[in-house]
Amino acid sequence: MSSSPDSAAVSREWWKSAVFYQIYPRSFADSNADGIGDLRGITHRLGYLQQLGIDAIWLSPFYPSPMVDFGYDVSDYCEVDPIFGSLADFDELLARAHSLKIRVIVDFVPNHTSDQHPWFLESRASRLNPKREWYVWADPAPGGGPPNNWLSCFERVGAAWTLDERTGQCYLHSYTPHQPDLNWRNPDVCAAMERVLRFWLDRGVDGFRIDVPHRLIKHSELQNNPPEIAHLRTAYGQPVPGLRNLNQPEVHDLLRLFRCVLDAYPERMAVGEVGITDLPEAARYYGRGDELELVFNFSFWAQPWSPAAFARVVGEVERTLPAEAWPAYTLSNHDLSRAATRYGPERAQVAAVMLLTLRGTPFLYYGEEIGMTDVQLDARWTNDPDDRDGARTPMQWEPGLGAGFTTGSPWLPVPPTARTANVTTELQDPRSLLNLYRRLLQVRCRNRALQLGSCETVLVNDAVFVYLRELDGERLLVALNFADHSTTCRFDDLKGTYLLSTHAHIDPGEHASLPLRLEANEGIIIRLEVSDGTPSATAVSPSPTS
Ligand code: GLC
Ligand code: CA
């Protein structure tokens, strides 16, 4: 049985029980009618987020950038791009968020800079420039061509090397040629980037989302990738493929260094975008509690809509992660097709219940709570080097032109579905997805077992995924029906009351009766009665008929 950590640990480790909300600044709220979201826009909307019930926001990059990769090509780590506002606007956002008890983490993009960053402009100026070794330079292959067979992560880019005519060498770029990779084997780079972390920590941020940390260190001799896997652009798929341009052992020294910097400040954290689906390997990025606090689970969002598939990932997490490592789950972000599009809008409610009731820190993506879907864009609108614009369209605040996002013309179009899928309309409808999120977040906030309790799978079949969350004798049963038809689950013994259902036929407080019936696409949370004073998971024993 799990028992509660003491209150000092709970506040130090606030990120374990927190729900995060990712904001893509370009697309959240535009305060000055130029059609592009900005920091002041976000500040104005913080009240909405507080009422929604989230605990922390993650801001995607808002730093000066030529915007080739929409801010993931940074040309100054310690400033705000004028399109998003100023440092003063950032300070105001942070102060307002903190006054509403919302923590703020910012994106740290250490693998590469923009090719317009002064460091790279110097580095490429001559082979003898003092900043030459800040980036990864290599001679072309004999007879010309790239120095080795490494590929960019973006299919469209091809090779990860570009020849710089002036100095006759190639520089490495894991993404576009406008994003040269920094050389993290150079201590000067470490020192400079440590100053970047301190700059934001001193301003008061609560932590960082770290962009592609598994890519920071490359093979020291820049050796070719083995021919049989040389076509792989990422480390997705099992087991970890042994690529030499990512996941090198020395990367863990860097993560310990970051952790030391963060640990000098109270209650700070980092979550890493470790794009590795091999869980034991990804788990190494937690270190021994001395690297990342959280590592995004890259398998979770990639599952098909199947209870067995999600139960398998969750089971693996529960078995594999060491005690000090805490899971982090997400279904949507700015790089993925939105979950409501991948799985279908009718599944958004069950998906929400699952995301917000598993053992681990959930990350929501702006608009997920109102059921935003990907927007099909014609060529006129697509600007992203990897075609991700469709999942980055403006937040839908209200019906009408501009959707309350802007009074100007939005940088990406608002789809016709915004007429109904928007904050204002959904707030008025008690059965809306937005109101389900609000209820779910309330239930989660009031029930410690949902935040910090153990998680044990009770039943998985073709239709349902049922699990038990337990803390200090408090036991909550979550039952999710993935099927488009109703189903019943039989348990030998089950007494409890409903805390929540996605569907209208059940009211909170109602007694649960056996057999447990679930409507199509229904998710429920039941608080179980303590039967004999020594509650255990086996008290809920499934008889697998459904
Ligand atoms: C990460 C970001 C993605 C970006 C890439 C390069 O994967 O999430 O948006 O394109 O890194 O910075
Ligand atoms: Ca603006």
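Donors are N, O and S atoms within 2.8 Å of the metal, or within 3.2 Å for Na, K and Ca, and since water is not among the atoms, sites may look incomplete. This is a predicted model, in which local features need pLDDT of at least 70 and side-chain atom pairs count only at pLDDT 80 or more, while totals for chains, interfaces and linings use all residues. Residues are numbered from 1 along each chain as its sequence is written, chains are lettered from A and ligands numbered from 1 in the order in which they are written, and side-chain values use heavy atoms, with hydrogens and water left out.

**View 1. Donors of the calcium ion (ligand 2).** Along the chain, the donors follow the spacing D-x1-N-x1-D-x1-I-x1-D. Asp30 (OD), Asn32 (OD1), Asp34 (OD), Ile36 (O) and Asp38 (OD) coordinate the ion at 2.2 to 2.4 Å.

**View 2. Accessibility of asparagine 32 and aspartate 38.** Buried means under 20% relative accessible area, exposed over 50%, and partly exposed in between (1.4 Å probe, protein chains only). Asparagine 32 counts as partly exposed because its relative accessibility is 46%, whereas aspartate 38, at 3%, counts as buried.

**View 3. Residues that surround ligand 1.** Among the 13 residues around ligand 1 (a heavy atom within 4 Å), the closest are Asp69, His112, Asp211, Glu273 and Asp335. By class, this shell has 4 nonpolar, 2 polar and 7 charged residues.

View 4. Oxygen atoms of ligand 1 lie 2.9 Å from a side-chain N or O atom of aspartate 211, 2.7 Å from one of glutamate 273, and 3.0 Å from a polar side-chain atom of arginine 388.

How values were computed: A polar contact is a pair of N or O atoms within 3.5 Å; within protein, one must be able to donate a hydrogen and the other to accept it, and residues adjacent in sequence count only if both atoms are side-chain atoms. Ala, Val, Leu, Ile, Met, Phe, Trp, Tyr, Cys and Pro count as nonpolar, Asp, Glu, Lys and Arg as charged, and the others, Gly among them, as polar.
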